[in-house]
Amino acid sequence: MSLVFLFIVLTDKTCHTVPMILVTNSCFVGISFTFILFWMIMFTLYNDLQQIYYQDLFCNFREMNKHVTLVNRLLRAKKELKMVFRIVILISICLILGIPYTIFVLMRFFTLPPEYHFRIAVTFIEMRV
């Protein structure tokens, strides 16, 4: 059917418009795909009938890929552990330097805090930033 349509478009001058060229392009791609698929089926059938087995050319690469993947996983795990360790250190520093501010805020509810207590507390907060 596509071949008939292609023949009509090629021979008839009134069909030489942009939409018809786009449709013709789609028909040509369909025919090309059909021929390629047919060739692959014939090649596979020929190999099956002749019992021809080709060595897997990518066998060595697949084996290397397994080793590389393991190494990449180990390296990524090391980097993630280092990142978690640094995050824990940063959170610990923020908590330790935030304790004076918390103490001054809680002290304000129960007793009279020292003069300029907010300045002292803010100094610790600025140190952690």
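Author: UniProt positions are given in the numbering used here, feature names are shortened, and annotations may be inferred rather than shown by experiment. This is a predicted model, in which local features need pLDDT of at least 70 and side-chain atom pairs count only at pLDDT 80 or more, while totals for chains, interfaces and linings use all residues. Residues are numbered from 1 along each chain as its sequence is written, and side-chain values use heavy atoms, with hydrogens and water left out.

Reader: Which residues does UniProt place in the feature "transmembrane region"?

Author: The unreviewed UniProt entry places this feature at residues 27-46 and 83-107. Helices (H or I, at least four residues) and strands (E, at least two) are DSSP runs, numbered from the N terminus. Residues 27-46 are 100% helix and 0% strand, with end C-alpha atoms 29 Å apart. Residues 83-107 are also 100% helix and 0% strand, and their end C-alpha atoms lie 36 Å apart. The chain has 4 helices and 0 strands.

Reader: Why is R86 called exposed?

Author: Buried means under 20% relative accessible area, exposed over 50%, and partly exposed in between (1.4 Å probe, protein chains only). R86 has 53% relative accessibility and therefore counts as exposed. R86 is found in helix 3, residues 59-110.

Reader: What makes K78, K79, K82 and R86 a patch of positive charge?

Author: Lys and Arg count as positive and Asp and Glu as negative, while His and the chain ends are not counted. Patches are made of residues with over 30% relative accessible area and no salt bridge; like charges are joined within 9 Å, and nonpolar side chains (Val, Leu, Ile, Met, Phe, Trp, Tyr) within 5 Å. A salt bridge is a side-chain nitrogen of Lys or Arg within 4 Å of a carboxyl oxygen of Asp or Glu. K78, K79, K82 and R86 gather in such a patch on the surface.

Reader: Why is M40 called partly exposed?

Author: The relative accessible area of M40 is 43%, so M40 is partly exposed. M40 lies in helix 2, residues 18-50. Together with F33, I36, L37, W39, I41 and F43, M40 makes a nonpolar surface patch of about 750 Å².

Reader: How do you know whether H117 is buried or exposed?

Author: H117 counts as buried because its relative accessibility is 11%. The place of H117 is in helix 4, residues 117-128.

Definitions and conventions: Accessible areas come from the Shrake-Rupley method with a 1.4 Å probe; for residues, only the protein chains shown count as cover. The place of a charge is taken as NZ of Lys, CZ of Arg, CG of Asp or CD of Glu.
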